[in-house]
Amino acid sequence: MAQWIEIDTRAGRVFAAATTRGICRTGFRTTARQFTAGLRAELPGRQWRRATDSALLTAAHGQVQAYFDRRLTAFDLPLDLAGTPFQRAVWEAVRRIPFGEVRSYQQVAEEVGRPKAPRAVGNAMNACKVGLFIPCHRVVAAGGKIGGWGGDVTTKRWLIEFERGQAIER
């Protein structure tokens, strides 16, 4: 069964979708219609429905709320990710970036043993479909420039500022 939920947060509406294996997609600053259309397009062949009985998505809801209440700094839910070994290594490295800190694409490339691959790290960040659960927003360009993100740049900037205690409520 593939299900999704909508979570109202201080950063706006957050969507999370899960299969029986784990969280597989997140969405920010979108609508339920757009999010579910994206699920059907990216993950065809599944029946998607709003969650009514998913223990995993109930836990995701609780963890997302705890994160935005500053009671949780790292997510520990199972994820259902499709990626290359390099992408998976990058995502694991990004999961280890502490709450409130950022790393450059170059620093992540060095951490995964590929110091000449900061662009490939950027591509891995773009391929990550579970932003927030893997804190891709914590990866920035050299010099701290925010740069792109699978979500929108405004949300990325807000999340960085939120984690640093500098965000203005939305």
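The following conversation goes through the fold of a predicted model and a few of its residues.

Reader: What kind of model is this, and how are residues numbered?
Author: It is a predicted model, in which local features need pLDDT of at least 70, side-chain atom pairs count only at pLDDT 80 or more, and totals for chains, interfaces and linings use all residues. Residues are numbered from 1 along each chain as its sequence is written, and side-chain values use heavy atoms, with hydrogens and water left out.

Reader: How many helices and strands are there?
Author: The protein chain holds six helices and six strands. Helices (H or I, at least four residues) and strands (E, at least two) are DSSP runs, numbered from the N terminus. In order from the N terminus, the elements are β-β-β-α-β-α-α-β-α-α-β-α.

Reader: Which radius of gyration does the chain have?
Author: The protein chain has 15 Å, which agrees with the value near 15 Å for a compact globule of 170 residues. That radius is taken over C-alpha atoms, and the globule rule is 2.2 Å times the number of residues to the power 0.38. The C-alpha trace spans about 45 × 35 × 25 Å along its principal axes.

Reader: What share of the residues is buried?
Author: Of the 170 residues in the protein chain, 46% are buried. Buried means under 20% relative accessible area, exposed over 50%, and partly exposed in between (1.4 Å probe, protein chains only).

Reader: Turning to helix H1, which of its residues are buried?
Author: In H1, residues 32–42, the buried ones are Phe-35, Thr-36 and Leu-39. They cover an arc of only 90° around the axis, so they sit on the same side of H1. The arc is that of the directions from the helix axis to the C-beta atoms.

Reader: And what do those buried residues pack against?
Author: They pack against strands S1 (2–9), S2 (12–18), S3 (23–28) and S4 (48–50). Contact here means heavy atoms within 4.5 Å. On the face of H1 turned away from the buried side are the exposed residues Arg-33, Gln-34 and Ala-41.

Reader: Where is Arg-29, and is it buried or exposed?
Author: Arg-29 lies in the loop between S3 and H1. At 51% relative accessibility, Arg-29 counts as exposed. Its phi is near 45°, a positive value in a residue other than glycine.

Reader: Which other residue has a positive phi, near 90°?
Author: Leu-132 has phi near 90° and is a residue other than glycine. Leu-132 is found in the loop between H5 and S6, and it is buried, with a relative accessible area of 2%.

Reader: What about H5 itself; which residues are buried there?
Author: Val-121, Ala-124 and Met-125 are buried in H5, residues 118–127. Seen down the axis of H5, the buried residues fall within an arc of 100°, so they line one face of the helix. They pack against helix H3 (85–95), helix H4 (105–111) and strand S6 (139–140). The face turned away from the buried side carries the exposed residues Arg-119, Asn-123 and Asn-126.

Reader: Where is Arg-88, and what does it touch?
Author: Arg-88 is in helix H3 and is partly exposed, with a relative accessible area of 38%. Not counting residues up to four places away in sequence, Arg-88 touches Leu-81, Ala-82 and Gly-83. The C-alpha atoms of Arg-88 and Cys-128 are separated by 9.3 Å, though these residues are 40 apart along the chain.

Reader: Last one: is Ser-104 buried or exposed?
Author: At 13% relative accessibility, Ser-104 counts as buried. Ser-104 is in strand S5, residues 103–104. Leaving out residues up to four places away in sequence, Ser-104 touches Val-139, Val-140, Ala-141 and Ala-142.
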